[in-house]
Amino acid sequence: MQIWVDADACPNVIKEVLYRAAMRTQIPVTLVANQALRVPASPMIRTLQVASGFDVADNEIVRRCAAGDLVITADIPLAAEVLEKGAAALNPRGERYSPATIRERLTMRDFMETLRSSGVQTGGPATLSPRDRQQFAAELDKWLQAARRG
């Protein structure tokens, strides 16, 4: 069991939470990105640099993750794929994805993409708030506790 991070878009404050969790629980965290990353020196924290390109990091995470792993991502299609493999998925705002929420999120994502492609300005996601960070930490702790028990 390990934690995979879609690191190119993961906020630094969330990465810090993950670093502390990895060292505290001795569960490995692997950050996957298409650029070099600086991480604390720890045998529990690794980086995996992949080639640049559309979905290269996502595809590598899907290829390497296994049932029982946790994937940190805001990418809905990536979350859907890892759920199909039996892994858990959590976004940086602390929302744990499920098959039901994935269907809803994919529909909304496709709708927003249609709006953007027709020229409608939809704006980006809201800034990560302290409440989002707390929610992420709480959901991560729930997963870690369940992983230790099971």
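Is Arg-20 buried, exposed or partly exposed? At 43% relative accessibility, Arg-20 falls in the partly exposed class, the band between buried (under 20% relative accessible area) and exposed (over 50%), with a 1.4 Å probe and protein chains only. The model is a predicted one, where local features need pLDDT of at least 70 and side-chain atom pairs count only at pLDDT 80 or more, while totals for chains, interfaces and linings use all residues. Residues are numbered from 1 along each chain as its sequence is written, and side-chain values use heavy atoms, with hydrogens and water left out.

On to the sheet. Its 5 strands form an open arrangement in the order E3-E2-E1-E4-E5, paired in parallel. Strands here are DSSP runs of E with at least two residues, helices are runs of H or I with at least four, and both are numbered from the N terminus; pairing takes at least two DSSP bridges between two strands. E3 (45-49) and E5 (88-90) sit at the edges with a single partner strand each, so one side of each has no neighbour in the sheet. From one strand to the next, the twist averages 20 degrees, with angles running from 0 to 180 degrees between N-to-C directions of axes fitted to C-alpha atoms, for helices over the stretch in contact. E4 (residues 70-72) pairs with E5 in the parallel sense over 3 bridges, and Val-71 stands opposite Ala-89 in E5.

Then the helices. H1 (residues 12-25) packs on the sheet and touches E1 (3-6), E2 (29-33), E3 and E4, contact being heavy atoms within 4.5 Å; the direction of H1 makes about 150 degrees with that of E2. Arg-20 belongs to H1, and its C-alpha atom is 9.8 Å from that of Ile-45, 25 residues apart along the chain. H3 (residues 76-84) lies across E1, E4 and E5, at about 155 degrees to E5.
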